[in-house]
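Visitor: Please show me how to read the features of a structure, one at a time.

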Amino acid sequence: MLKRIITTTILAIAACAACLAGNGKEKAIRGFSGGMMVHTGYLSGCDNPFNYDAAGATFGIGGVAKLHLTDHFRAGFEGYFSNMGLKKDISDGSFNKVFWTGLLADWYWKCGKFYPYAGLTLGGGMETAFYMFEGDKHDWLPEPMAVYNKKPFFAADPFVGVEYAVGEALRLTLKADWLLAVRKDGINRPMGPRLYFGFIFAH
């Protein structure tokens with residue numbers, strides 16, 4: 001699902017860019033860029049009535065597509081999937097997974113081959129938590145001490161990063177963010193910083 005969303009978004013934005021760029025003497029869009037990133041991070045916090053503090057390393061993948069509207073401003077979409085496996089004070093097989101996507105805007109500057117940037121993504125997502133307090137994931141026995149919960153959230157994701165131009169069309173990117181998953185009862189936990197690395201194709 002995530003791969004299809006990202007692919008469709010990149011193709012749609014690229015098609016719009018090609019159409020708009022040809023209208024009028026002055027280009028409405030200066031260019032476009034998009035690519036994939038993997039990430040890791042550390043999350044912690046209690047989001048359940050059992051006072052269990054879900055904490056650990058998270059790993060994931062996702063992608064981004066941007067239209068370059070001016071020499072310093074870009075807008076587009078991004079989406080990511082992040083999974084945190086849990087073992088501390090809980091049975092192996094427990095996890096906390098998050099998917100989010102949204103509309104982004106960022107400001108960037110050119111410093112030689114480096115392009116530092118800062119921005120914000122606004123959108124939505126879904127957290128899926130499975131906590132098994134007793135039992136074994138390798139057997140086929142019912143686990144009475146296990147809970148499964150899914151809940152949507154509004155996503156506000158501030159980020160900073162830098163791109164490095166390997167060539168005219170290829171850039172490497174390094175990004176850090178802190179996802180704020182907002183629900184009716186406040187900011188959802190666990191949360192924490194994530195660090196992304198990937199490649200960007202730019203035109």
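**Reading the inside and the strands**

Guide: In the lining of the largest cavity, seven residues are nonpolar, three polar and two charged. Ala, Val, Leu, Ile, Met, Phe, Trp, Tyr, Cys and Pro count as nonpolar, Asp, Glu, Lys and Arg as charged, and the others, Gly among them, as polar. The model is predicted: local features need pLDDT of at least 70 and side-chain atom pairs 80 or more, while totals for chains, interfaces and linings use all residues. Residues are numbered from 1 along each chain as its sequence is written, and side-chain values use heavy atoms, without hydrogens or water.

Visitor: How many cavities of 30 Å³ or more does the structure hold, and which residues line the largest cavity?

Guide: Rolling a probe the size of a water molecule over the atoms shows where empty space is left. A cavity is a set of points on a 1 Å grid over the protein atoms alone where a 1.4 Å probe fits but cannot get out, and lining residues have an atom within 4 Å of a point. Points are joined across faces, edges and corners, and the volume is the space filled by probe spheres set on them. The structure holds three cavities of 30 Å³ or more, and the largest has about 100 Å³ of space. Among the residues lining the largest cavity are Leu43, Val98, Glu127, Phe153, Leu179, Ala181 and Arg194.

Visitor: Which residues form the largest nonpolar core?

Guide: A nonpolar core is a set of buried Ala, Val, Leu, Ile, Met, Phe, Trp, Tyr and Cys residues joined through side-chain atoms within 4.5 Å; buried means under 20% relative accessible area, with a 1.4 Å probe and protein chains only. The largest core has 12 residues, including Met37, Val98, Trp100, Phe153, Leu179 and Ala181. Strands E4 (94–108), E6 (146–165) and E10 (193–202) each supply at least two residues of this core, and E4 gives the largest share, three residues. A second, separate core of eight residues includes Leu43 and Tyr131.

Visitor: Why is strand E2 largely enclosed by the rest of the structure?

Guide: Strands (E, at least two residues) are DSSP runs, numbered from the N terminus. Strand E2 (residues 56–68) is largely enclosed because 10 of its 13 residues are buried. Two strands pair if DSSP finds at least two bridges between them. Strand E1 (residues 31–43) runs antiparallel to E2, joined by 13 bridges, and methionine 37 has glycine 62 in E2 as its bridge partner. E2 also pairs with strand E3 (residues 73–86), antiparallel, over 10 bridges. A hairpin of four residues joins E2 to E3, and phenylalanine 59 stands opposite asparagine 83 in E3.

Definitions and conventions. On a 1 Å grid over the protein atoms alone, a cavity is a set of points where a 1.4 Å probe fits but cannot get out, and a pocket is an open set with protein on both sides within 12 Å along at least five of seven lines; lining residues have an atom within 4 Å of a point. Buried means under 20% relative accessible area, exposed over 50%, partly exposed in between (1.4 Å probe, protein chains only).
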